[in-house]
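Biologist: I would like to learn how to read the contact between two chains. Could you take me through one case?

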Amino acid sequence: MRAVVIALLLAACEREHELTLQYGPDPETISRGFFCQPLVPSPPFELRLVVELLDVGPTMPICLSESLALHCAENVCPVVARRCSELGTVTMQDLADPKALARERLALVSDAPLVDDAPDRPSVVRAVVTTQACDDPAIMQLDTRLASPDVLGCIASCPFLPDEIEGPLVLGLDTDTTTCFNEIRGCANL
Amino acid sequence: MLARTLAVLGYAACSVAPKHAVPVSLVVEGDRAAVGALGPGDVEGLELRVVDVPPVVHTPPSSDAPAITKARSAYASGEFDTCRAHVAPLDLVAMLSSGRRDLAARALALDAACAWGGLAKTDAQRIAARFASFGLELPAQVVAPDVEAMIGEASAAAGRSPRHAITIRGVQGARLSLDGRAAGCVLPCTLDVASGDHVLAAFADGFVDAARLVRVPETTSVELSQPPASPELAARQWRARRDRGAPTTDPTGLALLARVARAPRIAVLYGSDRLDGALLVDGVIRARGVRDRGEGATLVRELAYDSGVLERPSVLQRPWFWIVVSGLTLAVAGATVAYIYEPETRTVIR
């Protein structure tokens, strides 16, 4: 009885808050960061999506690639959560319509939470399309960066406080071209 | 924590009670069920002693009427001395002061007739004059026609005689009667009366009745002294008030109960569809109050506070004050916490 009361009190003292990721400027549009053509290797190849939560604290950086890169160079932005999802094999035929491919494969992304209790610190969520295997030790260990040569696309959110932001968390890439090789490298190497 | 708070409140509530309980006599009248549970120690600081108003003791019937009947028989038999011997011991003042005018009329008429029959005509005329000055009505077929005529002449003479003022003093507000009839005034009072004998009587609750035979115009001023009533007489007077529908818990009724209880502090409760109460100290009403049925203990406690028998606890010493303050504090604290509290947030990112 006492345990039930304590559980109820604890439940009453906690607010559950859920953030969903949106891989583009709106629910129907996928960010350009996933379509940088020069990066595509020769098919067939296996495609994975690695979603990471980066701690960019203790202060809140502004939402500019340059500022974010500088901030993480000075403060080291550790990866606090990582989720790798298999998106299947890409063939030459799939490459004919990259947007359809992206839409189709993103639907395969795992529904498992990236994190159950995000730290209430300035954070950034990054989604990286890579050919690196999900069981690669570099992916399994949070303190290891992803292999740059394998990165095919990258989008990220602006810095945010997980407990205070509402609505879908929008991810994107700060670019206006489809040949965004350097921007993707910058995004993936924060 | 709760137990400690209650202990502090209890101590605060009890701290004003005197070291020794104050004795208070308690008189309950009317519907006793309206008082509710009220024992000797049910009001903290008071020792209640229930007092019952003693029942009326019926006095034996007067021997005046049989004596008059015997006098009538002796008169009818021509035994005039025997007749007068039966009438002589009768107390006319007592008869008239108690309003038994018909009996007094028969006694005086027979006395006059027997004196007339015994040839003591001067005595007969003196008695007839007294009959007339009292303003009595001649009873039918009691005496012979010649005696009736003599009495009639005396009554006519009394009616023609000049009237004289007489001033009566006594207990302030006492009711006055003249020759067995209400005088229509209360003491002090001045009356215009015919010459001759008169019986003046004064009645006041809480006092012994007083009566006096006076002769006008020789007497112009009279003092009717009324000693205070004994507890038994006070009880009779209180019950008489109740029987004639007079209020029993007005100041006069309460003063009678105070005399009945023979105690310096008396609480009187009267139960009906509500509960009326008063507390008297040394015969003076110090507090009155009304409560709902069943709240006898609360009413007595409030009366004790209002009358000064018990010292009313200050606000800081009353439990309800602390209960209200504690409640308000908790409410404010709760509202504040509810306003500023932000629950722990658990954010899930999918």
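Modeller: Start with polar contacts. Between chain A and chain B, 18 residue pairs are in polar contact, both at pLDDT 80 or more. A polar contact is a pair of N or O atoms within 3.5 Å; within protein, one must be able to donate a hydrogen and the other to accept it, and residues adjacent in sequence count only if both atoms are side-chain atoms. The largest share of the side of chain A that touches chain B, six residues, comes from strand β1 (residues 14–19) of chain A. Strands (E, at least two residues) are DSSP runs, as are helices (H or I, at least four), numbered from the N terminus.

Biologist: What should I know about the model itself?

Modeller: This is a predicted model, in which local features need pLDDT of at least 70 and side-chain atom pairs count only at pLDDT 80 or more, while totals for chains, interfaces and linings use all residues. Residues are numbered from 1 along each chain as its sequence is written, chains are lettered from A and ligands numbered from 1 in the order in which they are written, and side-chain values use heavy atoms, with hydrogens and water left out.

Biologist: How many residues does each chain bring to the contact?

Modeller: Chain A brings 23 residues and chain B nine, where contact means heavy atoms within 4.5 Å.

Biologist: How is the size of an interface given?

Modeller: Often as the accessible area lost when the parts come together. Here the buried area (accessible area, 1.4 Å probe, that two parts lose on being put together, summed over both) is about 1,600 Å², and carbon and sulfur atoms give 47% of that. In chain A, the residues that lose the most area to chain B are A:C13, A:E14 and A:R15, together 24% of what that side buries.

Biologist: Which strand of chain B pairs with β1(A)?

Modeller: Two strands pair if DSSP finds at least two bridges between them. β1(A) pairs with strand β13 (residues 344–349) of chain B, in the parallel sense, over six bridges. A:R15 stands opposite B:T345 in β13(B).

Biologist: What about charges?

Modeller: Side chains of opposite charge can pair when their charged atoms come close. A salt bridge is a side-chain nitrogen of Lys or Arg within 4 Å of a carboxyl oxygen of Asp or Glu. The rule finds three across the interface of chain A and chain B. One of them joins B:R346 and A:E16 (2.5 Å, N to O).

Biologist: Are those two residues buried or exposed?

Modeller: B:R346 is partly exposed, at 22% relative accessible area, and A:E16 is exposed, at 53%. Buried means under 20%, exposed over 50%, and partly exposed in between (1.4 Å probe, protein chains only).
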